[in-house]
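Let's take a walk through this model together, one region at a time. Have the sequence and the 3D view ready.

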Amino acid sequence: MCEITCENFYSELPAIETAIKESAFVSIDMEFSKLHENIAKPFTFFDTNGERYSKLRQKVADITCLQLGLAIFIYDSNNKTFKSYTYSFYTYPQTFFKADSVVSFETACIEFLCKHKFDFNKLFRNRVPYLTDEQELQMKTEMLKASFFDQYFETNLKFRSIEEELIKTIRIFGDWYFQANYGEQTCMEINGCNEPAYIILMQYYLLKKFKYISIQESQFGLNITKIEANENSETSRNHIYENLKINLLNKMMGIKYIINLISTLKKPLIGHNCALDILILCNQFFKPLPENFKDYQYFLSNHFGPIYDTKLLSKEVKRMMPKNDIWLGSSLSEIHSYLKCGYAKIYSDSLRIQLVGIEEPESMKWHDAGWDAYYTGYCFLKMMHIIKNISSKTETIHQKYTLTELMKSIEFSKNKLYTYRSASNCIDLESEEKLNNQINYLVIQNKGLFYKAIDLKKLNYDLDKICNYDIKLLSKYTALIAIPFMNNRIIYNLNSKYRVENYSQYQDRKRKQHIISLSLIILSTSIIIYLKK
């Protein structure tokens with residue numbers, strides 16, 4: 001697994017770009033600045049897709065991704081095997097012109113990351129920058145102005161602290177320049193700032209103050225040659241300035257270039273319990289999340305390929321396994337452990353996955369975004385193979401399958417993201433259907449000939465002993481109960497104290513009562529009119 005900071009981002013970029021272009025899919029994971037466990041409006045079984053999206057949108061509004069893990073899986077069609085290139089990017093917002101970002105941190109999150117040896121020095125000193133869509137557009141607009149460089153560096157807050165170092169460096173270079181002969185070269189190390197744009201700043205001011213020089217970037221700094229003036233010097237200088245603008249934009253884009261590449265190629269994205277990750281990916285690196293769920297669906301369909309959630313996929317694998325098989329839970333570590341050592345292992349042993357560039361450590365490195373992205377992709381492949389193997393009902397369990405066959409076997413889970421406390425356990429990114437399902441609604445009323453107000457405290461006490469639920473009052477006499485599943489035991493236990501109906505039965509009864517009432521009103525009115533005659 002390769003850690004990426006601003007110091008090695010551009011040297012590693014060609015290899016990352018090539019891997020993404022050749023990839024079958026990319027799995028992602030994130031480490032956050034904070035993670036609210038409780039939000040103002042908690043999830044309920046009554047939530048629609050739109051309501052659930054609004055609550056999630058509220059939850060991620062001030063969460064920042066500090067580390068983005070990408071595991072790029074490439075398929076070898078000849079051997080039907082996979083290899084993975086895995087990266088962990090330290091990333092963080094950058095100051096932009098006069099605008100400064102505010103990042104919220106949660107103490108518990110910081111302590112958690114420290115416990116798992118997160119390197120905050122790499123984050124704050126050497127993080128890979130990025131531009132949002134709005135910042136990129138503003139940057140390109142400003143670059144059209146002749147005074148772009150002066151305005152940018154004068155208004156950008158982060159360069160004020162290194163102005164003294166900049167002046168000192170230019171003075172030292174001036175001593176060399178005025179003594180050097182034409183054709184002589186020197187190498188200037190850039191030690192003043194870890195900002196990716198600093199080297200562009202240095203080149204601009206050197207060219208502005210010393211007209212007759214040529215500059216080449218190297219991994220050690222700037223190789224500068226003193227040149228003679230000629231009739232094309234001014235044209236050449238303008239061309240250099242334009243190249244510097246493009247170079248600056250590329251350096252400011254940073255990790256957004258990679259995200260845009262994944263977006264453009266519509267590579268399948270894989271995550272574990274990734275509803276929040278996808279929301280943050282859009283909100284932090286592209287633009288603020290839309291208020292409307294349909295607009296969010298439209299944005300995702302335009303910007304990304306199919307998305308798969310391994311937590312949701314694990315539910316299907318668990319359903320296929322023997323009832324007496326030990327399955328501890330659906331966290332990434334528990335799924336990974338089960339797929340490596342559990343009963344399901346026999347169904348995916350023939351699948352080969354090679355981690356390129358580094359050996360997988362004996363002790364698992366959980367909660368590092370790069371490693372978690374790899375483990376997510378590993379589990380995705382294993383679960384695909386298990387589902388395909390079992391559903392194919394072949395005589396041998398050691399059958400190898402093509403990538404197309406594997407992906408087709410999990411078509412049912414495409415663009416569905418896991419969410420807890422819902423009847424369907426998922427947010428469907430393509431469908432407009434509701435999360436809830438009316439078959440899991442019960443209507444509760446007190447028994448007796450006359451209506452009696454529902455005692456909510458007593459009802460909650462009775463329900464707590466029976467099942468997981470959410471409750472909504474239709475009136476002071478009637479409560480609507482939403483439960484994740486329906487069985488006769490629940491109805492039987494409630495029937496001993498309450499009048500219990502399925503919601504659809506309740507609606508039919510109310511509809512019939514309404515028709516009867518309306519008919520009686522019409523009949524009574526007709527009789528009164530007749531008698532008056």
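UniProt, in an unreviewed entry, lists residues 514–531 as "transmembrane region"; its positions are given in the numbering used here, feature names are shortened, and annotations may be inferred rather than shown by experiment. Over residues 514–531 the chain is 100% helix and 0% strand, with the end C-alpha atoms 26 Å apart. Helices (H or I, at least four residues) and strands (E, at least two) are DSSP runs, numbered from the N terminus.

A word on the basis: this is a predicted model, where local features need pLDDT of at least 70 and side-chain atom pairs count only at pLDDT 80 or more, while totals for chains, interfaces and linings use all residues. Residues are numbered from 1 along each chain as its sequence is written, and side-chain values use heavy atoms, with hydrogens and water left out.

Next, find the largest pocket, which has a volume of about 940 Å³. A pocket is an open set of points on a 1 Å grid over the protein atoms alone, where a 1.4 Å probe fits, with protein on both sides within 12 Å along at least five of seven lines; lining residues have an atom within 4 Å of a point. Grid points are joined across faces, edges and corners, and the volume is the space filled by probe spheres set on the points. Of the 32 lining residues, Phe32, Leu35, His272, Asn273 and His367 are the closest to the pocket's centre. The lining divides into 15 nonpolar, nine polar and eight charged residues (Ala, Val, Leu, Ile, Met, Phe, Trp, Tyr, Cys and Pro count as nonpolar, Asp, Glu, Lys and Arg as charged, and the others, Gly among them, as polar). Elements that each supply at least two lining residues include β2 (25–32), α11 (275–285) and α15.

Finally, turn to Trp176, found in helix α7 (residues 163–177). Leaving aside neighbours within four places in sequence, Trp176 is in contact (heavy atoms within 4.5 Å) with Glu184, Gln185, Thr186, Ile224 and Lys226. Trp176 and Thr186 are 10 residues apart in sequence and 8.4 Å apart in space, C-alpha to C-alpha.
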